[in-house]
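Please find below a colleague's note on the structure under review.

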Amino acid sequence: MSQPSEDASHEYRNYDDEPDESVGERLWGLTEMLPESHRNAISTVAKGTVVCVQKVCSGSWMILSATLILLGPIIFEIERNHKPN
């Protein structure tokens, strides 16, 4: 039988003494794997998504507040008329 090579012994090396990476450091390391064109496309999509979500939230807030302002008094009047005297 052949002896295990030095490369095989490095395969089982203990990595406990290395410092932990933060999520940001891991993501930054992943960006180095992608070509520049892919990074730019991902960045554009991410920025577009953020802008879209902000507009949807803003629009929903305007619709909700307008609905409450317009329908609130009507609901209170209906409730007041249904109460027994």
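1. Surface patch. In this predicted model, a nonpolar patch lies on the surface and is formed by Val23, Leu27, Leu30, Met33, Leu34 and Ile42. Together these residues present about 610 Å² of accessible area. Helix H2, which spans residues 23-31, supplies the largest share of the patch, with 3 residues.

2. Val23 is located in helix H2. Its relative accessible area is 62%, and because the cut-off for exposed is over 50%, Val23 counts as exposed.

3. Overall fold. The protein contains 3 helices and 0 strands. In sequence order, the pattern reads α-α-α. Of the 85 residues in the protein, buried ones account for 1%. The accessible surface amounts to about 8500 Å², and carbon and sulfur atoms contribute 64% of that surface.

4. Confidence. The mean pLDDT of the protein is 84, and 84% of the residues reach a score of at least 70. Confidence is highest in helix H3 (residues 36-82), where the mean is 93. The lowest confidence is found in helix H1 (residues 6-11), with a mean of 56. Where pLDDT is low, predicted coordinates should not be read in detail.

5. Annotated segment. An unreviewed UniProt entry lists residues 59-76 under "transmembrane region". In the model, the chain over residues 59-76 is 100% helix and 0% strand. The annotation itself comes from the record and may be inferred rather than shown by experiment.

6. Cysteines. How many disulfides does the structure hold? The number is 0. For Cys52, the closest cysteine sulfur is that of Cys57, at 9.5 Å. A disulfide requires the two sulfur atoms to be within 2.5 Å, so the sulfur of Cys52 is too far from that of Cys57 for a bond.

Methods: Residues numbered from 1 in each chain as written. Predicted model: local features only at pLDDT ≥ 70, side-chain atom pairs only at ≥ 80, totals over all residues. Heavy atoms only, no water. Patch = residues over 30% accessible without salt bridge, like charges linked within 9 Å, V, L, I, M, F, W, Y side chains within 5 Å. Areas by Shrake-Rupley, 256 points an atom, 1.4 Å probe, with all protein chains shown as cover. Salt bridge = Lys/Arg side-chain N within 4 Å of Asp/Glu carboxyl O. Helix = DSSP H or I, 4+ residues; strand = E, 2+ residues; numbered from the N terminus. Buried < 20%, exposed > 50% of the residue type's maximum accessible area, 1.4 Å probe, protein only. pLDDT = per-residue confidence, 0-100.
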